[in-house]
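Please look over the sequence and the structure before reading on.

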Amino acid sequence: MKKGKEITKKEIKVEDNFLEEENDKRVIVFVAIAILVIVGTIIGLLVGCEKKEEDPVKPNDNKTNPIKDNGNKKDEDVEPTTKKVIVKKLSTKTDNTANTETKKLTITFFMIDERYSYITEIENNSKVKAHKVSGYEDCKYYTSESGEKEFDFTKNITEDTNIYMSCSLITYTIDYDTNSNNPTSYTVKDGTIALSDAYSDSMIFDGWYADTNYTSKVISLNPSIIKYANGENVIKLHAKFVNHYTVNYYDEDNSLINSTELTKNELSNYIVGTNYSCPNDAKLLGYTSSLGSGVIKYANNESIEVTGDLNVYTKCGAATVVYVSEGETVTVGYNEDEIKNYNLPEPSDIGLETPTYFVKVDTKTETSKEVISDEALEKLENQIKLSDAKKKAGSNTEISVGDNVEEKEKVFDGWVTKEENPEDPENPITTPVDENYKPSEDSENKLEAVWKEQEEDQTEVLNGETEVSETEVPDEVVPETPPVPETEVELNTVVEVPVVETVPDITM
């Protein structure tokens with residue numbers, strides 16, 4: 001018998017193969033589930049963001065729908081899904097609203113038969129104090145101009161109120177300790193009356209003073225002088241006399257050069273000057289009124305009237321510059337080193353004041369002034385007379401009595417030089433001065449300041465929309481709460497404010 005081929009049987013472990021296949025399937029399932037969860041989360045976030053931006057939830061009677069969570073979540077624990085703003089009702093029917101505590105009331109005092117009024121503000125539902133007018137006494141206050149019923153200052157006020165005053169004008173007695181031709185009585189209705197000097201044959205009259213120590217000088221009778229009146233409405237004025245005035249000359253090192261005493265007859269036409277030679281062959285440019293200053297107060301050999309003791313300081317150098325600003329003039333002297341390092345100054349650097357102008361404002365502010373008539377008896381801190389306001393009115397600004405005006409500073413816009421125009425003498429040739437300008441030693445240097453009014457708000461309203469220029473758009477724009485009609489919004493109405501990330505269109 002032939003032996004057959006030996007058949008080798010391979011043992012297959014069915015159990016191990018089955019387990020490997022099962023593990024592979026489970027891994028695939030878990031990965032698939034994880035991918036689905038991630039995709040679902042991303043889609044949910046995108047839909048949620050889109051919903052917030054495009055479909056804001058509308059308010060429903062000041063309530064939000066609770067989130068159902070098997071009855072475990074209470075209504076009051078649910079947070080609203082949109083931003084809410086509580087708007088209090090604005091009503092014109094009564095003053096007893098939620099805004100009572102913050103509302104301001106306007107109280108106006110009128111002087112009967114006089115062109116005088118005083119305006120103040122108080123908190124709503126509070127008392128007002130009786131206003132006293134300087135220069136008047138025995139005032140009585142009424143609810144009407146007819147004076148039939150006196151005003152009750154013990155009651156709280158809940159609306160804008162006019163109060164009418166009837167006062168007696170005080171006549172003050174002016175008592176001079178030296179004979180003079182000045183008025184011996186004064187009332188605030190007399191306005192401003194200049195005082196003449198007291199006379200002495202040999203001594204210099206040095207002014208009127210309200211005290212014997214000669215510290216409170218009085219140059220005129222005006223409403224402010226009544227503060228010196230005693231309990232009997234008497235104002236005592238004292239004349240001060242001196243034997244001479246002294247003029248002292250100092251060099252730039254503060255060393256006394258010369259001292260001159262002037263008698264009464266030498267004061268009116270005094271010639272400023274002294275025998276002094278500047279060091280290093282510099283020119284004597286003039287005299288300043290303070291040590292170290294370059295501003296020339298007096299030119300050499302200038303004729304002046306001396307009105308008191310005077311100290312002057314020499315200014316030596318190479319050139320002067322005359323700076324002009326809206327009628328104000330300042331002359332400054334420079335030595336050679338100062339010219340080499342010269343930089344165009346700001347007007348304030350050389351003592352020139354910044355000019356101001358008035359613009360009208362719609363409502364009163366802490367810094368605004370009320371325009372009153374030129375005939376008004378008294379001008380308060382927050383008031384200005386019509387003529388004074390008109391003198392400084394801004395471009396295209398018409399000011400009338402009763403307007404509120406705000407004082408603004410002009411903006412410095414550089415220096416210019418002006419030369420005579422042969423073809424049109426009334427309009428000189430104006431040339432802007434650049435930063436490389438240097439004063440010349442051989443000719444007159446005159447620079448004029450250019451001022452302009454502050455720029456208006458650049459926001460323009462076009463076709464009912466507000467257009468903001470790119471340079472004025474802030475980094476983050478927060479929309480304002482939309483205006484709510486006062487007769488249509490109920491108390492504690494919830495108004496939804498949508499979230500806006502760009503400049504909102506405002507419908508007028």
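This is a predicted model: local features need pLDDT of at least 70, side-chain atom pairs count only at pLDDT 80 or more; totals for chains, interfaces and linings use all residues.

## Salt bridges

The whole structure holds eight salt bridges. One of them joins the side chains of E114 and K189, with an N to O distance of 3.5 Å. E114 sits in the loop between β2 and β3 and K189 in the loop between β7 and β8, so this pair ties together parts that are 75 residues apart in sequence. E114 is partly exposed, at 26% relative accessibility, and K189 is also partly exposed, at 44%.

E326 and K410 form another salt bridge, their closest N and O atoms lying 2.9 Å apart. Both residues are in loops, E326 between β19 and β20 and K410 between β24 and β25, so parts 84 residues apart in sequence are tied together.

## A salt-bridge network

E252, K315 and E338 are linked in a network of salt bridges. Between E252 and K315, the closest N and O atoms are 3.9 Å apart. E252 lies in the loop between β13 and β14, while K315 belongs to strand β18, so the pair connects parts 63 residues apart in sequence. K315 counts as buried because its relative accessibility is 6%, under the 20% limit. E252, at 39%, is partly exposed.

## The second largest pocket

The second largest pocket has a volume of about 430 Å³. Its lining comprises 21 residues, and D197, I204, F205, D206 and Y245 lie nearest its centre. Strand β9 gives the largest share of this lining, five residues. By class, the lining has twelve nonpolar, four polar and five charged residues.

Methods
Residues are numbered from 1 along each chain as its sequence is written. Side-chain values use heavy atoms; hydrogens and water are left out. On a 1 Å grid over the protein atoms alone, a cavity is a set of points where a 1.4 Å probe fits but cannot get out, and a pocket is an open set with protein on both sides within 12 Å along at least five of seven lines; lining residues have an atom within 4 Å of a point. Grid points are joined across faces, edges and corners, and a volume is the space filled by probe spheres set on the points. Helices (H or I, at least four residues) and strands (E, at least two) are DSSP runs, numbered from the N terminus. Ala, Val, Leu, Ile, Met, Phe, Trp, Tyr, Cys and Pro count as nonpolar, Asp, Glu, Lys and Arg as charged, and the others, Gly among them, as polar. A salt bridge is a side-chain nitrogen of Lys or Arg within 4 Å of a carboxyl oxygen of Asp or Glu. Buried means under 20% relative accessible area, exposed over 50%, partly exposed in between (1.4 Å probe, protein chains only).
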